[in-house]
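Trainee: Could you take me through one part of this model in a close look? I would like to hear about its salt bridges.

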Amino acid sequence: MKVLPHVAASLLLLAAYPVQARSLLLISVDALRADYIREAEKHGIKVPNLRRLMAEGSYAQGVRPTVPSITFPSHITLVTGVQPNRHGIVGNDRFDPTAPGAAPQYWFARDITADTLWQAAARAGLSTGSLGWPITAGQTAIRYNVPHLEPYESAETVKLQEAMARPDGFLAELESKLGSFYQDSSENGSR
């Protein structure tokens, strides 16, 4: 999963759309050790925007992993506050005994069986956005949403991502201001 382009896009999004008093910004960097950000200087990592957000906002010291400790169950636990057996997402992929090889990934918010942070925020009158968060497609409580889909570089995925982004035309608007959402790089940025 390519996460760094999404983090960069999230931070650029702040410049394009200033956060207002009643907005929520939650950033998760998949598989990144918390001390790499908290102690960035010690590790020789330059992340000034994340450090500024930490200084000016709230952040977690770290998280206890879910079981299983993989991306989708973990990210849905973050936004529901309950374990996978309660929120219903127990893997990245759906169990499909009839599909040899890779089963389809979870994409749609309707598969989550617990209340989400976005739903609670919407009920409280807060405006929320999601950029590349798993299992958010179709989540009407998210005002600005570019759901997570893979594989990133396929032309079909790009078209599907544009169709699923909300409000209509949002991804195109972001790209006109910030450049392509899809990056031609590997996870370590070396392609």
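Mentor: Gladly! A salt bridge here is a side-chain nitrogen of Lys or Arg within 4 Å of a carboxyl oxygen of Asp or Glu. Keep in mind that this is a predicted model.

Let us begin with glutamate 41 and arginine 51, whose closest N and O atoms are 3.5 Å apart. Glutamate 41 belongs to helix 3 (residues 40-43) and arginine 51 to helix 4 (residues 48-56), so this pair ties together parts that are ten residues apart in sequence. Glutamate 41 counts as exposed, at 58% relative accessibility, while arginine 51 is partly exposed, with a relative accessible area of 27%.

Next come aspartate 115 and arginine 123, with 2.5 Å between the closest N and O atoms of their salt bridge. Here aspartate 115 is partly exposed, its relative accessible area being 37%, and arginine 123 is exposed, with a value of 58%.

The last stop is glutamate 173 with lysine 177, a salt bridge at 3.6 Å, N to O. Both residues lie in helix 9, four residues apart, which is about one turn of the helix. An α-helix has 3.6 residues a turn, so residues three or four places apart point the same way. Glutamate 173 is partly exposed, with a relative accessible area of 33%, and lysine 177 also counts as partly exposed, at 48% relative accessibility.

Definitions and conventions. Residues are numbered from 1 along each chain as its sequence is written. This is a predicted model: local features need pLDDT of at least 70, side-chain atom pairs count only at pLDDT 80 or more; totals for chains, interfaces and linings use all residues. Side-chain values use heavy atoms; hydrogens and water are left out. Helices (H or I, at least four residues) and strands (E, at least two) are DSSP runs, numbered from the N terminus. Buried means under 20% relative accessible area, exposed over 50%, partly exposed in between (1.4 Å probe, protein chains only).
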